[in-house]
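Welcome! Here is a short tour to read alongside the sequence and the 3D view.

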Amino acid sequence: MILRLTPWLAALLLGACASAPPPPDWQANAYSALKSYSNAYLSGNSRLANVELDRAKAAVASTGRPDWMARTELTRCAIRVASLEFDDCAGYAPLAQDAPPSEQTYAAYLTGRWTGINPALLPEHHRALVTERAGAPGQGGSTPTSGVLAAMKDPLARLVAAGALLQTGHLSPPDIAVAVDTASAQGWRRPLLAWLGVQHQRARDAGEHAAAARIQRRIDLVLQSGSHVP
């Protein structure tokens, strides 16, 4: 399966493809490398992922555009957030001063700093969740965010949103179930193991031993499917 990158990234890297003349090679090379990076990372192949990310960054760096490199680094950060690997978007930080407001807003979203952010500046997939969270229980509303997550059509965006939501401290058990089901349906081993781990820990903390044992069996099965993910 070929991973579909988020539309905002595709628009940046391949926006000229529909018009003449053909886009420069760096755009196609960066887009191809980022797709390969995403697929490799989510499947748990860290070695290949690192190679493809370096290839993508080299292509974007050839333009001398810090704002485009910022978007590339945010793509990396988003994919890591989907897998619950948080580093505060470290690769983006040195580029933040040259990033436009939309990238700065997305960085805040990915790192769980949602207070005061403007949903209109976010990629389309993520606007409803921030809006809903602002009106969630304890903040003036009543609709569970799991419904918003499940309604996201793009599975990667759904996992990114769940990871971002986890960092806000407002992730519910139904949210976790949505993330587990999404990663499972796509066969994305790295995020599936991460989200099953969260589900397993919560079951143990709640004293739900039968559920914890069932989840552990799922974890063991995923671990048997390959050797890339530690």
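**A first stop: Arg-127**

Apart from neighbours within four places in sequence, Arg-127 touches Pro-119, Ala-120 and Leu-122, where contact means heavy atoms within 4.5 Å. This is a predicted model, in which local features need pLDDT of at least 70 and side-chain atom pairs count only at pLDDT 80 or more, while totals for chains, interfaces and linings use all residues. Residues are numbered from 1 along each chain as its sequence is written, and side-chain values use heavy atoms, with hydrogens and water left out.

**More on Arg-127**

- Arg-127 sits in helix 6 (residues 124-134).
- With a relative accessible area of 34%, Arg-127 is partly exposed; buried means under 20% relative accessible area, exposed over 50%, and partly exposed in between (1.4 Å probe, protein chains only).
- Arg-127 and Ala-161 are 34 residues apart along the chain, and their C-alpha atoms are separated by 10.0 Å.

**The whole protein**

- The protein has 11 helices and zero strands; helices (H or I, at least four residues) and strands (E, at least two) are DSSP runs, numbered from the N terminus.
- Of the 230 residues in the protein, 49% are buried.
- Taking contacts between residues at least 6 apart in sequence, 57% join residues at least 24 apart.

- Among the buried residues of helix 2 are Trp-26, Leu-34, Tyr-37 and Tyr-41.
- Helix 2 packs with helix 4 (residues 66-82) at an angle of about 15°, their axes 10 Å apart; axes are lines fitted to C-alpha atoms, for helices over the stretch in contact, and angles run from 0 to 180 degrees between N-to-C directions.
- That angle makes the two helices roughly parallel, a term for angles under 35 degrees.
- On the helix 2 side, the residues that meet helix 4 include Trp-26, Leu-34 and Tyr-37, and on the helix 4 side they include Trp-68, Thr-72 and Ile-79.
- Just after helix 2, Gly-44 has a positive phi of about 100°.

**Helix 9**

- Helix 9 (residues 173-186) has 14 residues and reaches 20 Å from its first C-alpha to its last, close to the 20 Å expected.
- Its buried residues include Asp-175, Ile-176 and Val-178.

Key
Parallel < 35°, antiparallel > 145°, perpendicular 65-115°, else oblique. Expected span 1.5 Å × (residues − 1).
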